[in-house]
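Here's a quick briefing to keep beside the structure. It takes the ligand and then the two kinds of interface.

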Amino acid sequence: MALITCQNAAFAYEGNTAVSNLNFAVHRGDYLCIVGENGSGKSTLIKGLLGLKVPQSGSVWMGDGLQPNKIGYLPQQTAAQKDFPASAYEVILSGRLGTRGILPFYSRVDKKIAEKNIKRLDIGNLRGRCYRELSGGQQQRVLLARALCAAEKMLLLDEPVAGLDPVVTRELYRLIEKINHETNITVIMVSHDIHSAVKYASHILHLQNTQVFFGKTKDYVQSEVGNRFLGITRRQESGGEAGGGEGSD
Amino acid sequence: MIDILLEMFSYTFLVRAVIVGLLVSLCAALLGVSLVLKRYSMIGDGLSHVGFGTLAVATAMNASPLTVSIPVVVMAAFMLLRISENSKIKGDAAIALISTSSLAIGVVVISITTGMNTDVCNYMFGSILAMSKSDVILSIVLAIVVLILFVIFYNKIFAVTFDETFAQATGVKTGLYNMLIAFLTAITIVLGMRMMGALLISSLIIFPALTSMRVCKKFKSVTICSACVSVLCFFSGVVISYLQATPTGASVVIVNIIAFLLFWTANSIIRRGYA
Ligand SMILES: Nc1ncnc2c1ncn2[C@@H]1O[C@H](COP(=O)(O)OP(=O)(O)OP(=O)(O)O)[C@@H](O)[C@H]1O
Ligand SMILES: [Mg+2]
């Protein structure tokens, strides 16, 4: 049984459809990358999967024992305000809150999990710092640690590498892959880094305000849409050399 | 100094007022951190005006002020919360509408029934003599309930204040905790209003939080610091008002202003020290 299933789902803002025709299922242990241009509806879909947005039509449902409090989420932009007085540690630990239910305080296990994720992301030196005084990339890593604290079954990441330096980016991809392999936590990630996406993900979902591709990564790189998208980005990255790598795969 | 305190506390009404006042300033300071950070400070202000209206109506009906005010102000709190969640700008205007309407209703009711007298002044600016014995007991019980609920839900209040979307995404019932915050705020405002006055009570919520945010960098230390600041300021304010025969509410606010300026200066000195 699938963890999350979308059937003919569409999401809209005040009646204007942002993304439609979604038909896919995510199973335990999958690593799904959602790709597409700016404004193609990726973040909207993520919000829909989290239940923060109700589908305009169609349906989205969770199965296989998945519940909102077993999902770790990294938003593209946090609602958190710039001048909020909170230490990085307080922010990270708050990722455990969903698992607490109505219990009021964090247990020793919660604190241990927080420590483990602090170590994983190598941010022990940020622990006592004030969140608002961290750099953008440091804040991103703190929020990632928070998401990892909440991720018992699934990790939903909206552009996790935006704002990170190349070294940290590479390490982050490795870390996510490791978490996905070793603990069998399902990963759904929005990314503009299409090359890393096809390198690490098991499945690709390509959006263009509608679903244009969903399937295994190896099928994506051979599909026409995949080739076009990979080709475009490759050409742009190599400085616009005409036809650089189009269709060479 | 000790003599003055002993002399003060030989008056029963002062003892009552100080006990209730200390508990209310503690509650107000704790909730204030969340309200200020959520940009809900205006709600506190709006509620105190609603409280003024209900006090006037309760007096006119010869009913017990607290028992009439609490349910009405709690309902108003839920309403204001709804309005400000839906849209920021309209929320501001709606709060102003509700505040001024309640103020107007209150003033009209008072002038029809008892005539504009010292009562109005007392409601507006507070009076330390306002507490009867049953009021005191009710206030103490409610204040303790507010404190216990705050401690139990501290972690949730932090999460809902810091990043509501994330909290909601991970299965925390954010709507419920927003309502809890509004509920506790409403009770705190009603309890403190008659001593501090309808026009001044929101300062008890806003000042300590802003003051401690000058210096503290963690949510927990901001919370603890504002609780201490609030209690100290209230106590000094009462002593000053006793010595100088100034109105209690206003004296407490003045002390809060001084504390804010002190913390602000301290922070700029520390900052410059690092640079
Ligand atoms: N809060 C909002 N209100 C109204 N329309 C919105 C809102 N958020 C997004 N949209 C619209 O929905 C569409 C999809 O937006 P979405 O944020 O999902 O894009 P995205 O794929 O995540 O883009 P990006 O790569 O820039 O993050 C866009 O056309 C956008 O204008
Ligand atoms: Mg997006």
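In this predicted model, a nitrogen atom of ligand 1 sits 3.4 Å from an N or O atom in the side chain of Tyr13(A). That's a polar contact, meaning a pair of N or O atoms within 3.5 Å. Because the model is predicted, local features need pLDDT of at least 70 and side-chain atom pairs count only at pLDDT 80 or more, while totals for chains, interfaces and linings use all residues; side-chain values use heavy atoms, with hydrogens and water left out. As for labels, residues are numbered from 1 along each chain as its sequence is written, and chains are lettered from A and ligands numbered from 1 in the order in which they are written.

**Around ligand 1**

- An oxygen atom of ligand 1 is 2.8 Å from a polar backbone atom of Gly39(A), and an oxygen atom of the ligand lies 3.5 Å from a polar side-chain atom of Glu159(A).
- On its own, ligand 1 exposes 630 Å², and the protein buries 60% of that (accessible areas by the Shrake-Rupley method with a 1.4 Å probe; for residues, only the protein chains shown count as cover).
- The ligand has 13 residues around it, and Gly39(A), Lys42(A), Ser43(A), Thr44(A) and Gln76(A) come nearest (a residue is near if one of its heavy atoms lies within 4 Å).
- That shell splits into two nonpolar, eight polar and three charged residues, with Gly counted as polar and Tyr as nonpolar.
- Helix 1 of chain A (residues 42-49) gives the most to the shell, with three residues; helices here are DSSP runs of H or I, at least four residues, numbered from the N terminus.

**Two domains in chain A**

- Domain 1 covers 1-66 + 154-249 and domain 2 covers 74-152, with bounds from an automatic or database domain assignment.
- Their C-alpha centres lie 24 Å apart.
- The contact (heavy atoms within 4.5 Å) takes 17 residues from domain 1 and 13 residues from domain 2.
- About 1,200 Å² is buried between the domains, 65% of it from carbon and sulfur atoms; buried area is the accessible area (1.4 Å probe) that two parts lose on being put together, summed over both.

**Chain A meets chain B**

- Here 27 residues of chain B are in contact with 36 residues of chain A.
- The two chains bury about 2,700 Å² between them, 63% of it on carbon and sulfur atoms.

Note on methods. A polar contact is a pair of N or O atoms within 3.5 Å; within protein, one must be able to donate a hydrogen and the other to accept it, and residues adjacent in sequence count only if both atoms are side-chain atoms. Helices (H or I, at least four residues) and strands (E, at least two) are DSSP runs, numbered from the N terminus.
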